[in-house]
Amino acid sequence: MKWKKITGILTAFSIILSGCGWAIQSEETLTKVSNQEGSIASEQGLLSRSDGFMVGTLSNRLTVKISEEDLNDENLETGKYAVLSAQIHELDYQKLANSLFGKHVQLEHSDNGQVNSYTFTAENEDTFYYDTEQDRYSTAAFISSFQTQIQYIFRSSPKTEIMNEAGNTTAFFKKDSDLAFCSAEKAEKTVRELLEGCGLSLFSEADVYTLTKERLKQVEDYLDGMGELNEIRSGESLKKEKWTEEDECYYMIFRGSVENLPVYQYRRMGREEELSAGTSIELIYSAEGIRYLYISNPYRMTGEISKKQNVVSMEEALVQLKELYENILDENKKTVEQCYLCYLPVYEKSGIILKPAWYLEVHTEYEQENDISDQWNEYYLDAVSCEWITEE
């Protein structure tokens, strides 16, 4: 995946991807916008707070409703940021595997010229693998039967955040409450020390979900009642039925962070393949230690490409989005549900470039064949040059 800035005249478009909600702008649809001094949005009093949300009206068909839980200080008080260069950090896979299994393991190695893969399968069919590809994508994972059963119940999706949505059950579980074997704080500290020992440190604070046996059973019954726990081919039930204290664990999600800004987690979905950029780690930690670990694209900073410069405000980014939508011939009402400053990975011949950018996510509900469907469009605005960034 390669990214570049686009200039030109915006033409009408509407890209609908069923089931995934992804829409990517074509090269002809984006316009270069001017970097105006000051914030028009602030002068116009564009945003206000209401019932835990930042709300506003950009036009008669484009409104803003962003949860204040999603807004951090960096979203409201912008400063100076540089364009950074980065590389994929090559993990010490043997050390990582030894740490996970608690003993020395022999990893089977294969190399097809592009991907280096290391696989170890224990007697209980737990598996560790590590691979890299073309210095751009890298993953490491430890997969276990314990993790498989947990993830039938604990489901995290970046696109479904409604509490009763079967695709995302995270809202059913408390954060940071303690289990009998270890406090949430101690568990996170232990895991973070392990990750840092493997050279992984560019992370914000983790989301730590507490999975008790009672709540696992409650959510299992809920999903079963929705018909969500039947194996697709055989139709057999995937219910565990009896959850015990041995099943209790913490599910942790670490997200990449540089200069106190998140590194955006790009996902290409709705196609034959799914790619992700930016660092993320998900893991399960129980009384027996780490039972599941997935590491995606661990970055290592290699220097600054530009001097730090001021970035435009969130409100100004919303004004630019308003101007963008004035040229889109689509009468469906839309809501900006995410808007935050981040570092966006851009792949160039020289390597990985991290650019300060505003990430904006627009949700559209539209009628299709007498049914209401959802569409999400995602936009990236260079926070310094104020140019739209799109995929090539």
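The following legends describe an overall view and close-up views of a predicted protein model.

**View 1. Overall architecture of the predicted model.** The protein comprises 392 residues, of which 50% are buried. Its secondary structure consists of 7 helices and 24 strands. Of the contacts between residues at least 6 apart in sequence, 66% link residues at least 24 apart. The accessible surface amounts to about 19800 Å², and carbon and sulfur atoms account for 42% of this area.

**View 2. A negative surface patch that includes Asp178.** The patch is formed by Asp176, Asp178, Glu185 and Glu205. Asp178 lies in the loop that connects α4 (145-153) with α5 (184-197). The relative accessible area of Asp178 is 53%, and this residue is therefore classed as exposed, the cut-off being over 50%.

**View 3. Asn332 in the loop between α7 and β21.** The helix α7 spans residues 314-325 and the strand β21 spans residues 334-348, with Asn332 located in the loop between them. Asn332 has a relative accessible area of 29% and is therefore partly exposed, a class that lies between the buried limit of 20% and the exposed limit of 50%.

**View 4. Contacts of Asn332 with residues elsewhere in the sequence.** When residues up to four places away in sequence are not counted, Asn332 touches Arg61, Thr364, Glu365 and Tyr366.

Notes
Residues are numbered from 1 along each chain as its sequence is written. This is a predicted model: local features need pLDDT of at least 70, side-chain atom pairs count only at pLDDT 80 or more; totals for chains, interfaces and linings use all residues. Side-chain values use heavy atoms; hydrogens and water are left out. Helices (H or I, at least four residues) and strands (E, at least two) are DSSP runs, numbered from the N terminus. Buried means under 20% relative accessible area, exposed over 50%, partly exposed in between (1.4 Å probe, protein chains only). Contact means heavy atoms within 4.5 Å. Accessible areas come from the Shrake-Rupley method with a 1.4 Å probe; for residues, only the protein chains shown count as cover. Patches are made of residues with over 30% relative accessible area and no salt bridge: like charges are joined within 9 Å, nonpolar side chains (Val, Leu, Ile, Met, Phe, Trp, Tyr) within 5 Å. A salt bridge is a side-chain nitrogen of Lys or Arg within 4 Å of a carboxyl oxygen of Asp or Glu. Lys and Arg count as positive and Asp and Glu as negative; His and the chain ends are not counted. The place of a charge is taken as NZ of Lys, CZ of Arg, CG of Asp or CD of Glu.
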